[in-house]
Amino acid sequence: MRVFVASLATETNTFSPIPTDLTSFHGTFYAPPGKHPETPTLCSAPMVAARKRAKAEGFTLIEGTATWAEPAGLVSRAAYETLRDEILGQLQAAMPVNAVILGLHGAMVAHGYDDCEGDLAERIRAIVGPDVVVAAEFDPHCHLTAKRLANLDLQVMFKEVPHTDFADRAEELVDLALSAARGEIRPHVAVWDCRMLEMLPTSRQPMRGFVDRIKGLEGKDGVLSISVVHGFSAADVPDVGIKIIVITDDRPEIGNALARRLGEELFALRGTTGHSYLSIDDAIDAALATPTGPVVLTDVWDNPGGGTAGDATFVLRRFIERGVRDVAFGTIWDPLAVNLCMAAGVGARMPLRIGAKLAPRHGDPVDAVVTVKMVVPNAIQHFRDSVVPLGDSVAVEFDGIEVILNSNRAQSFEPDLFSNLGVDPLQKKMLVLKSANHFFGAFSRIASRIIYIDAGGPYPGDPRRVEYRKLKRPIWPLDADPHGSLHDKASGS
Ligand SMILES: [Zn+2]
């Protein structure tokens, strides 16, 4: 048995002004063959899972490149083609193989390629032929396309948002791929398209119960794996949206019926699954009214993990205007301001222009006379077992507000992003983050309360206000009745 494994991943927000090129991949995470660390990153987890199985079972594992770029705007054609061809060349050299296992994200869009992962899968299929198992793990914030269905035997998405189960799903994918390669199972993939755009966090109801229930359906009646494709609506590509995948051991009728039933259930939950958001002023009022700290407030629509810059100033500006004190912001992305503060040094008091340098819809820069409190070259934060680089970073203070400025875009994951910059998160009344979901695990352990702020942008959080050009219609909430069934039911026909 010979198995090839590789990983190529990023999440492309086609509305983001930040281009993604080869240095974005090399600067975020790049492991050439054999150099992948023992700990998994989000999308390269199948490599670590495959290593474990190869060691236990003695098959030959051939590792290709694993790379990941922080989510941002369109990937350059040269970057995508270079990385794709690097992996295809490694596969060609590894032939013959019995299985190809991929760690993908599934929402990569490049100049000239609306469906990078479909293109990659199609080229892999052309190399290995029809009989070799090709399997991929995806982030649920992916697009599901006909090209992927035609060329991949197995697709498994993380079930959890925040994505706490990426390593478990990688082990499941590797297990299914090996079983298929050995002829022990014959995977049939059933799909039902919900025709719907919606946020589906699983840290709250009703999605918590939905995910627990689909887990309970796996392993029965020939059902091997069930995934919910959440989609990534900050991309103007045709196949955005929520879909259900049911993989059975050659039981198409059971798979198709179950995918449809679960899809209809999910469609019926539309409008009820997301977090409830507060306006900036309501969020400040609610935080001030909370007797104990730290209150954690998160600016969900400027989450660099969704491809935005992380430099929007809407929330910071309002805190300043209202004279709110005893608050720390972590972080605002501003490499230029970081450079100026590092040159001035710790203890310097200086005028500084903060944030919103990238695009009009990020707000206006904030001008303040700040004191440089701490300077940390190559600062980091943690995300569970992973070390997340913040780049050169500084903490500045003015008017009872501390702001951490970083030079490597990153969403807020864990409280050590504050403590590593000399700000004790437990001593602050309020902490303001930039993250939509992934902060939740670590910050919920210290927060007296968590508040989700809708500052209106720059992420296109409301699909009804987005000018999609390529998105296939009809789709809810742009179209009230994409399945054409509500009218039928209402009229009794
Ligand atoms: Zn995701």
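## Helix pairs and a zinc site

Helices α3 and α4 are roughly parallel to each other, because angles under 35 degrees count as roughly parallel and theirs is about 25°. This is a predicted model, so please read everything below as a description of that prediction.

Let us stay with this pair for a moment. Helix α3 covers residues 77–94 and helix α4 covers residues 116–128, and their axes lie 11 Å apart. The way α3 passes α4 is a right-handed crossing. On the α3 side, the contact is made by Y80, R84, L88, L91 and Q92. On the α4 side, the partners are C116, D119, L120, R123, I124, I127 and V128. Sorted by class, this contact of α3 with α4 has 8 nonpolar, 1 polar and 3 charged residues.

Two packed helices are described by the angle between their axes and the distance between the axes. Here are those values for each pair.

| Helix pair | Angle | Axis distance |
|---|---|---|
| α3 (77–94) and α4 (116–128) | about 25° | 11 Å |
| α2 (45–57) and α6 (166–181) | about 50° | 8 Å |
| α7 (207–217) and α8 (252–268) | roughly 170° | within 12 Å |

Now for α2 and α6, which pack at an angle of about 50°. That angle makes α2 oblique to α6. Here too, α2 passes α6 in a right-handed crossing. Which residues of α2 meet α6? They are A45, P46, A49, A50, K52, R53 and E57. Facing them in α6 are F166, A167, A170, E171, L173, V174, D175 and L178. The contact of α2 with α6 divides into 10 nonpolar, no polar and 5 charged residues.

The axes of α7 and α8 cross at roughly 170°, which makes α7 roughly antiparallel to α8. In α7, the residues that take part are M207, F210, R213, I214 and L217, and in α8 they meet L258, L262, E265 and L266. By class, the contact of α7 with α8 has 7 nonpolar, no polar and 2 charged residues.

Next comes the metal site. What coordinates the zinc ion? Two OD atoms of D139 do, together with ND1 of H141 and NE2 of H163, at 2.1 to 2.5 Å. The angles among the 4 donor atoms run from 56 to 147°, and the site is irregular. Along the chain, the donors follow the spacing D-x1-H-x21-H. D139 sits in the loop between β5 (133–138) and α5 (146–151), while H163 sits in the loop between β6 (154–157) and α6. These two residues are 24 residues apart, and the pair links distant parts of the chain.

The peptide bond from V161 to P162 is cis, with omega near 5°, and P162 belongs to the loop between β6 and α6. Another cis peptide bond joins Q205 and P206, with omega about 5°. P206 lies in the loop between β7 (187–193) and α7. R195 is found in the loop between β7 and α7 as well; although R195 is not a glycine, its phi is positive, at about 50°.

Conventions:
Residues are numbered from 1 along each chain as its sequence is written. This is a predicted model: local features need pLDDT of at least 70, side-chain atom pairs count only at pLDDT 80 or more; totals for chains, interfaces and linings use all residues. Side-chain values use heavy atoms; hydrogens and water are left out. Axes are lines fitted to C-alpha atoms, for helices over the stretch in contact, and angles run from 0 to 180 degrees between N-to-C directions. Helices (H or I, at least four residues) and strands (E, at least two) are DSSP runs, numbered from the N terminus. Angles under 35 degrees count as roughly parallel, over 145 as roughly antiparallel, 65 to 115 as roughly perpendicular and the rest as oblique. A crossing is left-handed if the near helix is turned anticlockwise from the far one by less than a right angle, and right-handed if clockwise. Contact means heavy atoms within 4.5 Å. Ala, Val, Leu, Ile, Met, Phe, Trp, Tyr, Cys and Pro count as nonpolar, Asp, Glu, Lys and Arg as charged, and the others, Gly among them, as polar. Donors are N, O and S atoms within 2.8 Å of the metal (3.2 Å for Na, K and Ca); water is not among the atoms, so sites may look incomplete. Four donors count as tetrahedral if all angles lie between 85 and 135 degrees; four count as square planar and six as octahedral if opposite donors are over 155 degrees apart and all others between 65 and 115; anything else is irregular.
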